[in-house]
There are 2 protein chains.
Amino acid sequence: MRFSVQVEVRHKPGVADPQGATIERALPTLGFAGIQRVTVGKSIRFEVEAADEAAARVQVDDVVARFLTNPVIEDSAVLLAPAS
Amino acid sequence: MRFSVQVEVRHKPGVADPQGATIERALPTLGFAGIQRVTVGKSIRFEVEAADEAAARVQVDDVVARFLTNPVIEDSAVLLAPAS
């Protein structure tokens, strides 16, 4: 079975986010005064081939923890669904 | 009212995605043979203050189109929900 995976990678709370801070600082001068708490993370999408959803999740959690995130400074959230 | 917003920014189909290609090329040698079609985009989160959801959506669509994406090479998907 094929599964579609989306991994959202975010900075852990307290880790500096210069991209988000720069956007947040710029927006009021560009006419958007009501926007706050801007953070910029990554959205990684891929497809994985596995026997079933449990096997896919094991493989995805492993690759996310070992290669797609830096667990010292980043959190991740995984969405997994059968590929259409 | 405050709304939580997540904007996923992806490359349009056909636009080169060197980060995704590099990850995809590396994974088989790292022991993950079943992972394909890797793409790397951005996930931008923020909070917006607006009178109601329609007003929030107008403001968000405007800021996304003008400042948070390059519409020539990027697509975006917006999720908007009342902030908890």
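Predicted model: local features only at pLDDT ≥ 70, side-chain atom pairs only at ≥ 80, totals over all residues.
**Exercise 1. Carry out the analysis for Arg37(A).**

*Solution.* Step 1: Strand β2 of chain A contains Arg37(A).

Step 1: Phi of Arg37(A) lies near 55 degrees, which is a positive value in a residue other than glycine.

Step 2: With a relative accessibility of 59%, Arg37(A) counts as exposed.

**Exercise 2. Describe the fold and the dimensions of chain A.**

*Solution.* Step 1: Count the elements of secondary structure. Chain A has 2 helices and 3 strands.

Step 1: Along the sequence of chain A, the pattern is β-α-β-α-β.

Step 2: Consider the dimensions. The box filled by the C-alpha atoms of chain A, taken along the principal axes, is roughly 50 × 30 × 15 Å. The radius of gyration of chain A is 16 Å, whereas a compact globule of 84 residues would have a value near 12 Å.

Step 3: Examine the contacts. Among the contacts in chain A with a separation of 6 or more, 70% join residues 24 or more positions apart.

**Exercise 3. Determine what share of chain A is buried and how its accessible surface is made up.**

*Solution.* Step 1: Of the 84 residues in chain A, 37% are buried, where buried means under 20% relative accessible area.

Step 1: The accessible surface of chain A is about 4600 Å². Carbon and sulfur atoms account for 56% of this surface.

**Exercise 4. Characterise the largest pocket and its lining.**

*Solution.* Step 1: The space in the largest pocket amounts to about 440 Å³. Its lining consists of 20 residues, and those closest to the centre are Arg10(A), Arg37(A), Val38(A), Thr39(A) and Arg45(B).

Step 1: Assign the lining to strands. At least two lining residues come from each of β1 (2-11) and β2 (35-49) of chain A, and from each of β1 (2-11) and β2 (35-49) of chain B. The largest share, 5 residues, is supplied by β2(A).

Step 2: Sort the lining by class.

Key
Residues numbered from 1 in each chain as written. Chains lettered and ligands numbered in written order. Heavy atoms only, no water. 1 Å grid on protein atoms, 1.4 Å probe; cavity = no way out; pocket = protein on both sides within 12 Å on 5 of 7 lines; lining within 4 Å. Points joined across faces, edges and corners; volume = space filled by probe spheres on them. Helix = DSSP H or I, 4+ residues; strand = E, 2+ residues; numbered from the N terminus. Rg over C-alpha atoms; globule rule 2.2 N^0.38 Å. Buried < 20%, exposed > 50% of the residue type's maximum accessible area, 1.4 Å probe, protein only. Contact = heavy atoms within 4.5 Å. Areas by Shrake-Rupley, 256 points an atom, 1.4 Å probe, with all protein chains shown as cover.
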